[in-house]
Amino acid sequence: MHQPSGSPERSKRPLSSMTTNDPRSAERRAAFEAEALPHLDALWAAARRMTRGVASAAVSHEDLVQDTFVRAYRAWDTFTPGTNCRAWLLKILHSVVVNRFHRSRLEPEAQDTEDLERRSMEHIVHTDWEAPLVATADEVRWRLTAPVVAALEDLPEAHRAVVLLVDVEDLTYEEAADVLDCPVGTVRSRLSRARRHLAGALAEHAQASGIVEGGS
Amino acid sequence: MTAERHVDERIDLWLDGLLDETEAAEVDAHLAECSRCRRLARGLETTRDALRESLSTDPAPAGLRANILGALDAVDAEAMEGSAVADEPVAQLPVTTDTGWGGARLALAAALAATLGALLWWGIRPEVDAPAEEVAEHVPVTVEEVDLVDLIHRGSVELAADQLPVHVAATDAATIEARWEAGGVTFPVRVLDLSAMGVEVVGGDAAVLDGQVAARSVYRDGDRLLICWMLALEADALGPAERTVEHGGFTFHVYSRDGRTLVFWEEGDVLCGLVGEGDPEAVLGLAQAKAMAPVVDAV
C-alpha cells in the first residue's frame, strides 16, 4: 500500500533527547527551521506552477515539497547565509521535479518565431494601455488575469520557466540562470520573448473584449 | 523610427531596474517622447502585473509543515545513529566556490545524472557531472501497491480548499473540456449538467494518477464540493468495494475514505467517480443521478 507523505515514519527518539546530546545539531536544525521553513508556502505555490497543477497523485505536490525540504536540510551546510534562500530552495525543487516527475524532454516548438514576435509587437504597440475603457488600471489587470494564464500555457516550456522564475518568483536573471542551469544571456532572451508573447496575447484580448482601445 | 532608435533592446532591463543611471535616463527621455515605446513599456508592465496577480497563492496544506518536521526528525535520527542508510539514495551535494549567487553554488549532480537520460522538465537539459558510484536511481516513494481509490481521494482532498486554484476554477464546459484536451484526455467525456439538482459546475482540469490521465470536474452543492473523476479504466482497477449498488442498469461501487464517500461506475469504456463529504447516501444519489444526467452543451 502506498505510504502517503502525510504519514512519514517518525524517529523513535524524541528530538529533545537529540538536542540535549548534540547542541551543534540542534543549532543547525534551528537555523534551518528559521531560515528555510518560512518559504514553505512559496515552495508549495512554485511546485504547483512548475507542474502546471497536474501532479501525479502518486507523486503529489506534498511529496515534491517535502522531498525538497529534506534534500535542502541534508545539504544545509552548503547554503551560504545571507544569500537568497528561496532561490536556493527553488533550485532544489526544480531538480526534484525533474527527477521525480519524469517528464519527457520538452523543447520549444519549432515555430516561425520572428513572425510571431512581430505580430505580438504590433498588438502591443497598437494598444492604448494608458487610456483603458474600464474605470481603473486595477480593473484592467483584474480582467486580464484569466487570459494571461491561458497565454502562459501557450508558451514553450523553456520560455514559461524563465518568465515564472523572474516575473513571479522575483529571481534575478543570475538566480534564474542558476536554477535552470543555463547562461544569463539565454535567460534574458527567453524572458524578452516570453513577455512579448504574453503581452501580445493580452493586447489582442484586451482590445477584443473592450477593456482598452486600439491605437494608431 | 527604426527599432534601433526605439528602446526595444533595453526596455526589459529598464522594466527590471537594471539599467545604470545614464541609460535609465536615456530611456525615460525617449519614453516621454515616443508613444510607441511608451505603449510597449506599459503593455509589458501591465502583463507582468496581471501575471503576478493571476497565479495561485494558495498556502501549503495544513499538516505539510508537520510532515516536513517529522521527515527532518528522521534525518536527524539517522545522523545521530551514524547511519548511512537514507530513505532515498541521495548523494552529498557538493559545494563549489565558483560564480553563483553569494559565492556558493549548489551542484545537484548525484541525484540527477543517471535517472535523467532523456528526462527533462523545463526544456533545458541540466549539465550534471556526477561520480558514477554516487549515481543511483531515485526511488521517490515506496509504493508496494497503488491504491487507485486512495489516489483519487487525495486528488479530491487537494481541491477541497476554500478557493479553487485559478487553473481549476471555471463555470463553462468549453473551458473545462479544452483543459482536458490540453491535458491529454483522449477518451470521450463531457461536462455533465447537474443544475436540475441545484448542483453547479465550478471547475475542472486534467490530472494524472499513477501515469493515467484523468478528467476532473468540480461541482458545488451548497457548502460542499463534489469532485467527479473520469478515467479510461475498468472498475476492476479499483479493488474491492465496501458495497455495490445496482441502479438504473449501472453498478455503483462505493468506498469511504476519511469521511468522504467515493462512488464509481462504468459508462462504456470510461470509469466515472464522484467524491463528496457528508451523507454517503446523498453522494450515492448524486452519482446515480449523474449517471443518467444529460451533458452540458459546450458553448
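Tutor: Contact here means heavy atoms within 4.5 Å. Helices (H or I, at least four residues) and strands (E, at least two) are DSSP runs, numbered from the N terminus. This is a predicted model: local features need pLDDT of at least 70, side-chain atom pairs count only at pLDDT 80 or more, and totals for chains, interfaces and linings use all residues. Residues are numbered from 1 along each chain as its sequence is written, chains are lettered from A and ligands numbered from 1 in the order in which they are written, and side-chain values use heavy atoms, without hydrogens and water.

Start with H4(A), residues 61-74, and H4(B), residues 64-81. Their axes lie 10 Å apart, at an angle of about 35°. Axes are lines fitted to C-alpha atoms, for helices over the stretch in contact, and angles run from 0 to 180 degrees between N-to-C directions. From H4(A), the contact residues include A:Val65, A:Phe69 and A:Tyr73. From H4(B), they include B:Leu64, B:Ile68 and B:Leu72. The contact residues divide into nine nonpolar, two polar and four charged. Ala, Val, Leu, Ile, Met, Phe, Trp, Tyr, Cys and Pro count as nonpolar, Asp, Glu, Lys and Arg as charged, and the others, Gly among them, as polar.

Now the core. A:Val65 and A:Phe69 return here: with A:Leu93, they have the most contacts inside the largest nonpolar core, which has 83 residues. Such a core is a set of buried (under 20% relative accessible area, 1.4 Å probe, protein chains only) Ala, Val, Leu, Ile, Met, Phe, Trp, Tyr and Cys residues joined through side-chain atoms within 4.5 Å. Helix H5 of chain A, residues 85-101, gives the most to this core, with nine residues. A:Leu93 touches A:Leu64 and A:Thr68, among others.

Terms used. Buried < 20%, exposed > 50% of the residue type's maximum accessible area, 1.4 Å probe, protein only. Lists of a residue's contacts leave out its neighbours within four places in sequence.
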